[in-house]
Amino acid sequence: MGIPGSGLAKGLAVTLRTMTRRSHTAQYPEVQPELPPRTRGVIALFEENCTVCMLCARECPDWCIYIDSHKETVPAAAPGGRERSRNVLDRFAIDFSLCMYCGICIEVCPFDALFWSPEFEYAETDILELTHERDKLREWMWTVPAPPPLDPAAEEPKELAAARKAAEKAAAATAATAAAAAAAAQGEAEPGREQPGGEA
C-alpha cells in the first residue's frame, strides 16, 4: 500500500511547479500565430483550372459545395472544323457552416482547382454569411503557401519531363532550320565568290 495522502501531495507538487512558472499569453490578434505549413484553414478556388466536372460536389459527404454552370459554343479553330461546346462556371460556393474540413474535394479534384489555405479569420455573426462565393474563394487562393520542394532523389514529374522533351525538340528543330538556312546562304555565296587574282 502507498503512503496515505501521497496522491494529494503529488497533485499539490504539480500545482506548485506550475505556479512558479511564468505564463505565456498569445497576443492575438496583434501577433498572428505561427501555423503549421499543412494547416486546414479554408478551401481556396483557382477558378481558371475548374472545368465544372462536379466531382468535388458529388464526393462531398456534407453536400456543402454549390456549383452552377452553362454551356457555351466555341467556334471552330480552323476552317472546315466543327464547333465545340464547353462548360462555363457561373457559381462556385462553399457553405462553411456545413463543411467538416475533410479535404475530400481537394483530393478528388483532377485539375488542381482547390487548395488548402491557412487563412482562418472568416468568422461571421450570421450563419447565412458562412456561404462564401467564388470571389471570396479566389481571394483566399493568394494565401495558399507554395508547395514543398521535391525530394532531390525523386523522379522528375511526367509533366515536367514532357515539357522538357518538347522544348528540346523545338530547340533542335530551330537549330536544324538555322543550320540549313546558313548552309543555303553559304552555297549561294560560293559561285559568285571572287578568286585571288580577280577571276571569278
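Figure 1. The protein has an accessible surface of about 15400 Å², and carbon and sulfur atoms hold 58% of that. Keep in mind that this is a predicted model. Its radius of gyration is 32 Å, whereas a compact globule of 200 residues would come out near 16 Å. Along the principal axes, the C-alpha trace stretches over about 125 × 50 × 40 Å. Of the 200 residues, 19% are buried. Take the contacts with a separation of 6 or more, and 72% of them link residues 24 or more positions apart.

**Figure 2. The run of helices and strands.** Five helices and five strands make up the list of elements. Reading from the N terminus, you pass through α-β-α-β-β-α-β-β-α-α.

**Figure 3. The open sheet β2-β3-β5.** Here three strands line up in the order β2-β3-β5, paired antiparallel, and the sheet is open. β2 (65-74) and β5 (131-132) are the edge strands; each has a single partner, so one side of each has no neighbour in the sheet. Ten bridges tie β2 to β3 (residues 84-95) in the antiparallel sense. For one of the paired positions, look at Thr73, whose bridge partner in β3 is Ser85.

**Figure 4. Helix α4 over the sheet.** Helix α4 (residues 134-141) lies across β3 and β5, and its direction makes an angle of about 85° with β3. Zoom in on Asp135, which sits in α4. With 56% relative accessibility, Asp135 counts as exposed.

**Figure 5. Strand β1 and its partner β4.** In a regular strand, side chains alternate between the two faces of the sheet. Strand β1 (residues 42-45) sends Val42 and Ala44 one way and Ile43 and Leu45 the other way, and all of them are buried. β1 runs antiparallel to β4 (residues 114-117), with four bridges joining the two. Across from Ile43 you'll find Trp116 of β4.

**Figure 6. Cysteines without disulfides.** The disulfide count here is zero. Cys53 has Cys109 as its nearest cysteine by sulfur position, 6.1 Å away, and Cys53 is in no disulfide. Cys53 is partly exposed, at 32% relative accessibility. Cys60 is in no disulfide either, and the nearest cysteine sulfur, from Cys64, is 3.6 Å away. Cys60 is buried, with a relative accessible area of 9%.

Figure 7. Most residues other than glycine have a negative phi, and most peptide bonds are trans. The bond from Tyr28 to Pro29 is cis, though, with omega near 10°. Pro29 belongs to the loop between α1 (6-19) and β1. Val52, in the loop between β1 and α2 (55-59), has a positive phi, near 55°. Asp112, in the loop between α3 (104-108) and β4, also has a positive phi near 55°. Are these two residues buried or exposed? Val52 is buried at 6% relative accessibility, while Asp112 is partly exposed at 49%.

Conventions:
Residues numbered from 1 in each chain as written. Predicted model: local features only at pLDDT ≥ 70, side-chain atom pairs only at ≥ 80, totals over all residues. Heavy atoms only, no water. Pairing = 2+ DSSP bridges. Contact = heavy atoms within 4.5 Å. Axes fitted to C-alpha atoms, helices over the stretch in contact; angles between N-to-C directions. Buried < 20%, exposed > 50% of the residue type's maximum accessible area, 1.4 Å probe, protein only. Disulfide = S-S within 2.5 Å. Rg over C-alpha atoms; globule rule 2.2 N^0.38 Å. Areas by Shrake-Rupley, 256 points an atom, 1.4 Å probe, with all protein chains shown as cover.
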